[in-house]
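Let us read this model feature by feature.

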Amino acid sequence: MKAYRIASGSLLAALLLLAGCSVEPWVKPYERERLADPIMKPSRDALADKHHEHVYDVREGARGATGVQGGGCGCN
Amino acid sequence: MLGGVLATANAEAADLPEDRADFMYHSYIGGGVVANGPAVLVRKGLGDEVSLSASYYVDMVSNASIDVVTTASPYRERREETAVGADYVYRDALISAVASRSSEPDYTADSASLDVAQDLFGGMTTVNLGYSHGWDTVGKTRDPSFSKPADHWQYRLGATQILTPRWLMSLNFEAVADNGFLASPYRAALVFGAAVPEVDPSTRTSRAATLRVAGSVGANGAVRAEYRYFWDTWDIHARTTELGYSQYVGKQWLVDGFGRYYSQTHALFYSNDFTSEMTYMSRNRQLSTFNDLGIGAKATYSIVREPARYEIKGTAAFERLRFHYSDFTDVRTGGLYSFNANVLELFVTATF
């Protein structure tokens, strides 16, 4: 896990440096109305998504990278 | 939970989540298991920089699944989960912290997580970093002396990129490491048909990567596609593919439809019936080779709406799941096991 901590720390440092860079956005803020619509969000309803994720979590072997964190076991 | 939702934040990550309250009834019925109960979530901003949240979630489980009816007696239990969170905006960054506790008669799980979403390049790119730590205590009904710990570490990294005025793409990676008692104190493995206690390794490390593309289509619609690849040190490899479509209908309706297909290979130490005794042995069907297919729909109706002030919405969501196992048999019939499940959510949301 030490390697992950080092990698995460390095990435955070890189991000802070990158934040200072200036790249011309090719999609202007006023062109992002469609992207800001709630239907474009990966998770619109946190409670319902949590329930769905729990259903999958306790029955499937895979986990992670879903954007919704589970909790507890509730298994068997 | 909320931190996780924000871990895949949208293109305007430095905005605080909106104030809202949700009241939900959820239900799962399938494979001899009935799990249902209420859940509530309240989120309220304090000024322009801080938003606080709290949630409460109840699962009332009646379990007569194939594992239970073939090795033990059906049972009922109640799981409760509470979570509190805080979000803080600092310039182009959103920092989210969540603490949660889940408890049921034979299992408690505490967790804490921290996520940071940073906007870059004029908001074109959002990068997410997250970390969670979980502390579980595994117990055993009718055996108060049984208490074993299990720790979990989760590391998340992701990026969301605006591609065009209508299309977004995101890539998320998560590594999870577990250490402790990872088996079930109740489940049995079979060796030449004779039941022996299940023994799982005490460590596991997994990695998962998800690619997601979402696009605005037509005048009022959106389409999304997701693919996740998962692999771990137990030699499970899994693929998840999901497609979804959302559409506004008139001013008051929003409807969604989606399909999800999941498949995995079995763990190294899984067998339906071992032919020799090994160090690690499991007949946990969650570790077997199987696939499941889900088809779902969701409809949201705007009950009352006062623009820029508040809105109350009602939502019904339903998913039909079909699980099919390739190397797990129903010991009652000898045939390969499969089952259907129905997942329901009914909730009211108030945004203000």
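Q: Start with a single residue. Leaving aside neighbours within four places in sequence, which residues is B:Thr205 in contact with?
A: This is a predicted model. B:Thr205 is in contact with B:Ala175, B:Ala177, B:Asp232 and B:Thr233, once neighbours within four places in sequence are left aside.

Q: How far apart are B:Thr205 and B:Asp232 in sequence and in space?
A: They are 27 residues apart in sequence. C-alpha to C-alpha, the distance in space is 5.6 Å.

Q: Where is B:Thr205 found, by secondary structure?
A: B:Thr205 is in strand S12 of chain B.

Q: What does B:Thr205 count as, buried or exposed or in between, and why?
A: The idea is to count C-beta atoms around the residue; 20 or more within 10 Å make it buried, 12 or fewer exposed. B:Thr205 has 16 C-beta neighbours inside 10 Å, so it counts as partly exposed.

Q: Now the strand pairing. In what sense do S12(B) and S13(B) pair, parallel or antiparallel?
A: S12(B), residues 203–217, pairs with S13(B) in the antiparallel sense, over twelve bridges. B:Ser206 has B:Asp232 in S13(B) as its bridge partner. B:Ser216 stands opposite B:Ala222 in S13(B).

Q: What joins the two strands, and which residue there takes a positive phi?
A: The hairpin of S12(B) and S13(B) has three residues between the strands. B:Gly218 takes a positive phi near 60° there.

Q: Which strand is joined to S12(B) by 13 bridges?
A: Strand S9 of chain B, residues 167–180, is joined to S12(B) by 13 bridges, and the two run antiparallel. One pair to look at is B:Met169 with its bridge partner B:Val213 in S12(B).

Q: How many bridges join S13(B) to S14(B)?
A: Eleven bridges join them, and the strands run antiparallel. S14(B) covers residues 237–249. B:Glu226 stands opposite B:Glu242 in S14(B).

Q: How do I read the two faces of a strand? Which residues of S13(B) are on the covered face?
A: List the residues by face, then compare the lists. S13(B), residues 221–232, has B:Ala222, B:Arg224, B:Glu226, B:Arg228, B:Phe230 and B:Asp232 on its covered face. The uncovered face holds B:Gly221, B:Val223, B:Ala225, B:Tyr227, B:Tyr229 and B:Trp231.

Q: Which residue in the hairpin of S13(B) and S14(B) takes a positive phi?
A: B:Asp235 does, in a hairpin with four residues between the strands. Its phi is about 70°, although it is not a glycine. B:Asp235 has 13 other C-beta atoms within 10 Å, so it is partly exposed.

Q: What is phi of B:Arg91 near, and where does this residue lie?
A: Phi of B:Arg91 is near 55°, again a positive value in a residue other than glycine. B:Arg91 lies in the loop between strands S4 (75–90) and S5 (93–104) of chain B. It counts as exposed because it has 9 C-beta neighbours inside 10 Å.

Q: Turn to the cores. Which residues touch the most other members of the largest nonpolar core?
A: The general idea comes first. In soluble globular proteins, nonpolar side chains tend to be buried together. Here the largest nonpolar core has 14 residues, and B:Ile236, B:Ala238 and B:Ala267 touch the most other members. A second, separate core has 13 residues, including A:Tyr56, B:Ala35, B:Tyr325 and B:Tyr337.

Q: What does B:Ala267 touch, not counting residues up to four places away in sequence?
A: B:Ala267 touches B:Trp234, B:Asp235, B:Ile236, B:Ser282 and B:Leu287.

Q: Now chain A. What pattern does it follow?
A: Along the sequence, the pattern is α-α-α. Chain A has three helices and zero strands. Of its 76 residues, 47% are buried.

Q: How many residues of H3(A) are buried?
A: Twelve of the twelve are buried, so H3(A) is largely enclosed by the rest of the structure. Among them are A:Leu47, A:His51, A:Val55 and A:Tyr56.

Technical notes. Residues are numbered from 1 along each chain as its sequence is written. Chains are lettered from A and ligands numbered from 1 in the order in which they are written. This is a predicted model: local features need pLDDT of at least 70, side-chain atom pairs count only at pLDDT 80 or more; totals for chains, interfaces and linings use all residues. Two strands pair if DSSP finds at least two bridges between them. A nonpolar core is a set of buried Ala, Val, Leu, Ile, Met, Phe, Trp, Tyr and Cys residues joined through C-beta atoms within 7 Å. Two residues are in contact if their C-beta atoms, placed from the backbone, lie within 7 Å.
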